[in-house]
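Dear colleague,

Please find the structure below, handed over together with some notes on what turned up in it.

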Amino acid sequence: MSDVIIIGGGAAGMFCGVLAAEEGHRVTIAEHNEKLGKKLFITGKGRCNFTNNCTVEEFIGNVFSNPRFLYSAAYGMTPQDVIECFERWGLHAKTERGRRVFPVSDHSSDVIAAMERRLRKKGVTVLLKTEALEILSEDGAACGVRVRDEKGERILRGDCVVVATGGLSYPSTGSTGDGYRFASETGHSLKETAPSLVPVVCREEYIKEMQGLSLRNVRLTVRSGKKTLFTEQGEMMFTHFGITGPLVLSASAAAGSLIGKKTLETEIDLKPALSEEQMDARLIRLVTENPNKAFHNVLHELYPKKMHDVIPELAGISPDKKLHDLTRGERAELIRVTKHFPLTLTALRGYNEAVITRGGVSVKEIDPGTMESKKMKGLYFIGEVLDLDACTGGYNLQIAWCTAAACARGLPAG
Ligand SMILES: Cc1cc2nc3c(=O)[nH]c(=O)nc-3n(C[C@H](O)[C@H](O)[C@H](O)COP(=O)(O)OP(=O)(O)OC[C@H]3O[C@@H](n4cnc5c(N)ncnc54)[C@H](O)[C@@H]3O)c2cc1C
């Protein structure tokens, strides 16, 4: 069997390490952190949404970049296979809303521990505080890695090198983009990277007044001209700079490359369950029941407190106006602001706040069945370092697991 060096002990590196060792290969993982799986630890707000219990077609449908590249890998390690693997390794899973899968314990550390136990059992060598510096090759084939640890620099020799270094997001977890350098140094093309699944900066000053406000069951829509780039219902939040939350992260991925470059028409439907007619009927009822109340005294019936200054201002209605004086035109304005609350997206926040990195090693130069480079024999790329990214919901880790599995099973017999 082969001597395999895996650079990076994150999700993809650990999973590949276990499966490659199960195949009988001699595996070494070089990880520059002091422990494995630092990013995995913070996934899913510490609970690790480690896959999505959906079909392969649905998984592929939730991948933004290069979904077709993933077909072979995705069928080779389906979400159900992942759940079964982890069950076999002692981790019990549960499926929640949106078919998101978590450990029953709600602890991401248990996902890491399950793989660590398995790595130990299969005799995988784990080198911590060991930074890969350079990929070495001989006659056009990868043959080792130059690393640096506490004792200095040395060479790890192997038949195969697997790059599992992640992207650029949350660099404090160790993913500092080294894999991109290794890729270009070994002759690979890179698709320009950008933060994705990331909060978004908005221009409007009134955003600040709503800082901390969380909205549930609202619809966020982003359009470019006549084209709808994103429209979904869910949860979002206002911050000091703009907006965040699950809806916003997904919108950032769908509209990402255009944000800041083009004017995108963006709006929130604050009451998606009500049609404009139903909303008008609701307003008429409010007026009939409270004719002498001032507008500001009924706002709490319609909007959360942090919107009480913004809504009258945007609708152009004096907060002191008595309800019986509210004109049909003012009602129409109020409906417009409620169903089409306006926002201007000006920029994405940075990698420090991004769940994933869009772009990376071009998949055109990678064999989709084994993740081996078409440019250098014995060199493999798996996980987020590749130009692959998906929605929230466990799909990004599913990319890490299935590319890792394809690689582990595609390693040569030696
Ligand atoms: C806050 C947050 C929450 C998330 N939640 C979810 C979720 O719930 N579900 C989901 O599906 N996805 C989630 N993701 C995305 C998911 O974490 C990533 O898609 C996944 O971790 C990618 O796995 P990877 O192994 O490719 O990279 P990583 O997990 O980033 O691992 C890369 C490893 O390589 C090491 N490394 C890098 N360079 C070197 C070097 N030169 N030498 C040695 N080691 C090196 C790093 O230290 C790191 O340990 C989340 C991401 C973030 C930031």
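**The parallel sheet**

In this predicted model, five strands make an open sheet in the order β7-β2-β1-β11-β21, and the pairing is parallel. Helices (H or I, at least four residues) and strands (E, at least two) are DSSP runs numbered from the N terminus, and two strands count as paired if DSSP finds at least two bridges between them. The edges are held by β7 (125–127) and β21 (379–381), each of which has a single partner strand, so one side of each is left without a neighbour in the sheet. From one strand to the next the twist averages 20°, with axes taken as lines fitted to C-alpha atoms and angles running from 0 to 180 degrees between N-to-C directions. Strand β2 (residues 26–30) is joined to β7 by three bridges in the parallel sense, and T28 has T125 of β7 as its bridge partner.

Two remarks on conventions belong here. Residues are numbered from 1 along each chain as its sequence is written. Because the model is predicted, local features need pLDDT of at least 70 and side-chain atom pairs count only at pLDDT 80 or more, whereas totals for chains, interfaces and linings use all residues.

**The antiparallel sheet**

A further open sheet has three strands in the order β3-β6-β5, with antiparallel pairing; its edge strands, β3 (51–52) and β5 (93–95), each pair on one side only. Between β5 and strand β6 (residues 100–103) there are three bridges, and the two run antiparallel, with T95 standing opposite V101 in β6.

The chain has 13 helices and 22 strands, and its C-alpha trace spans about 85 × 40 × 40 Å along the principal axes. Of its 414 residues, 45% are buried, where buried means that 20 or more other C-beta atoms lie within 10 Å of the residue's own, exposed means 12 or fewer, and partly exposed is in between, with C-beta atoms placed from the backbone.

**Around the ligand**

The ligand has 40 residues around it, and G8, G10, G166, G174 and G383 come nearest; a residue is near if its C-beta atom, placed from the backbone, lies within 6 Å. Two or more residues of this shell come from each of α1 (11–22), α2 (38–42), β8 (131–138) and α13 (395–410).

**Individual residues**

C48, in the loop between α2 and β3, has a positive phi of about 60° although it is not a glycine, and C48 is buried, with 27 other C-beta atoms within 10 Å. M371, in the loop between β20 (356–361) and β21, likewise has a positive phi, near 70°, in a residue other than glycine, and M371 counts as buried with 31 C-beta neighbours inside 10 Å. A141 lies in strand β9 (residues 141–149) and is partly exposed, with 13 other C-beta atoms within 10 Å.

With kind regards
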